[in-house]
Amino acid sequence: MPASQVRSRARDRSNVLNRAEFLSLNQPLKGNQESRSSLRKQSSQAGAAGAPSGNPKERRQSQQLPEEDCMQLNPSFKGIAFNSLLAIDICMSKRLGVCASTASSWGGARSMINLLGITGHGIPWVAGTLICLVKSSTLAGQEVLMNLLLALLLDIIIVAGLQKLAKRKGPFDVSPGLLDYLTMDTYAFPAGHASRAAMLSKFFLNHLVLAIPLRILLVLWAFCVGFSRVMIGRHHITDVLSGFVFGYLQFRLVELIWMSSNTCQMLISIW
């Protein structure tokens with residue numbers, strides 16, 4: 001045996017790290033290496049199999065950072081504020097629905113509150129306007145009544161369209177009445193009675209000469225009609241407030257398209 005091999009063997013024997021108790025520190029375990037290599041092979045095979053079938057959109061979603069996912073899941077400040085206001089609106093509307101049923105705290109006054117709501121319904125106002133129009137003999141009166149009839153018809157159509165778009169239910173499970181079905185006032189947002197009361201009160205205040213007490217009573221009537229819809233559980237508070245806003249906007253629209261006396265006379269002659 002050459003002298004160089006003898007010296008290398010002697011050097012290996014004298015090395016402390018080559019002892020059995022230190023071999024685990026120097027060399028990785030074979031089992032770990034095999035498991036790691038098998039995992040790498042499986043992942044590479046799965047990636048190769050899924051790469052041709054996945055579209056670019058799915059790849060971008062898989063490569064998306066977790067921070068971006070968290071930002072999408074967390075609601076924005078506007079969303080939190082909107083949901084909080086909506087919860088407050090529902091809670092307050094349920095508390096104010098004291099006449100929602102006969103078993104409610106003010107259930108005995110339900111018939112009287114319903115009667116107050118009828119004063120703001122569209123069918124009685126349209127019928128009354130038509131009767132007054134037939135009996136009117138002055139051109140100024142016929143002009144005002146024709147534009148009032150136009151405002152009432154616009155109110156019914158606009159409110160019915162908005163309710164069909166929103167399809168918001170009321171705070172209580174209260175079925176609409178017969179008059180509500182005739183005017184398609186079956187949903188909660190916006191409140192048709194509130195919009196009609198606001199539009200009518202503004203219309204009368206602008207086109208009729210009324211004393212101050214009557215003006216105050218007219219405004220109070222509009223607010224009472226809107227509030228009565230909350231008391232019987234048909235509408236939320238925000239439905240009534242939005243109804244007031246839409247009623248004022250309808251009045252402004254009628255003022256813009258106001259029919260002159262000649263136009264009203266032509267329509268009356270056709271009718």
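Let's start with R196 and D155, which form a salt bridge whose closest N and O atoms are 2.9 Å apart. The term salt bridge here means a side-chain nitrogen of Lys or Arg within 4 Å of a carboxyl oxygen of Asp or Glu. This pair links distant parts of the chain, with R196 in helix α11 (residues 192-207) and D155 in helix α9, 41 residues apart. Helices are DSSP runs of H or I with at least four residues, strands are runs of E with at least two, and both are numbered from the N terminus. R196 is buried at a relative accessible area of 3%, and D155 is buried at 0%. Buried means under 20% relative accessible area, exposed means over 50%, and partly exposed lies in between (1.4 Å probe, protein chains only).

Before going on, please keep in mind that this is a predicted model, in which local features need pLDDT of at least 70, side-chain atom pairs count only at pLDDT 80 or more, and totals for chains, interfaces and linings use all residues. Residues are numbered from 1 along each chain as its sequence is written, and side-chain values use heavy atoms, with hydrogens and water left out.

The structure holds three salt bridges. D239 and R168 meet in one of them, at 2.8 Å from N to O. Because D239 lies in helix α13 (residues 237-256) and R168 in the loop between α9 and α10, this pair ties together parts that are 71 residues apart in sequence. Both D239 and R168 are buried.

R168 also forms a salt bridge with D89, where the closest N and O atoms are 3.0 Å apart. D89 sits in helix α6 (residues 77-96) and R168 in the loop between α9 (139-166) and α10 (178-182), so the contact joins parts 79 residues apart in sequence. D89 counts as buried, at 6% relative accessibility. Together, D89, R168 and D239 are linked in a network of salt bridges.

Now for the largest pocket, which holds about 230 Å³ of space. On a 1 Å grid over the protein atoms alone, a pocket is an open set of points with protein on both sides within 12 Å along at least five of seven lines, and lining residues have an atom within 4 Å of a point. The volume is the space filled by probe spheres set on the points, which are joined across faces, edges and corners. Of the 16 lining residues, N114, I118, G177, D180 and R229 are the closest to the pocket's centre. The elements giving two or more residues to this lining are α7 (110-118) and α10, and α7 gives the most, with four.

Key. On a 1 Å grid over the protein atoms alone, a cavity is a set of points where a 1.4 Å probe fits but cannot get out, and a pocket is an open set with protein on both sides within 12 Å along at least five of seven lines; lining residues have an atom within 4 Å of a point.
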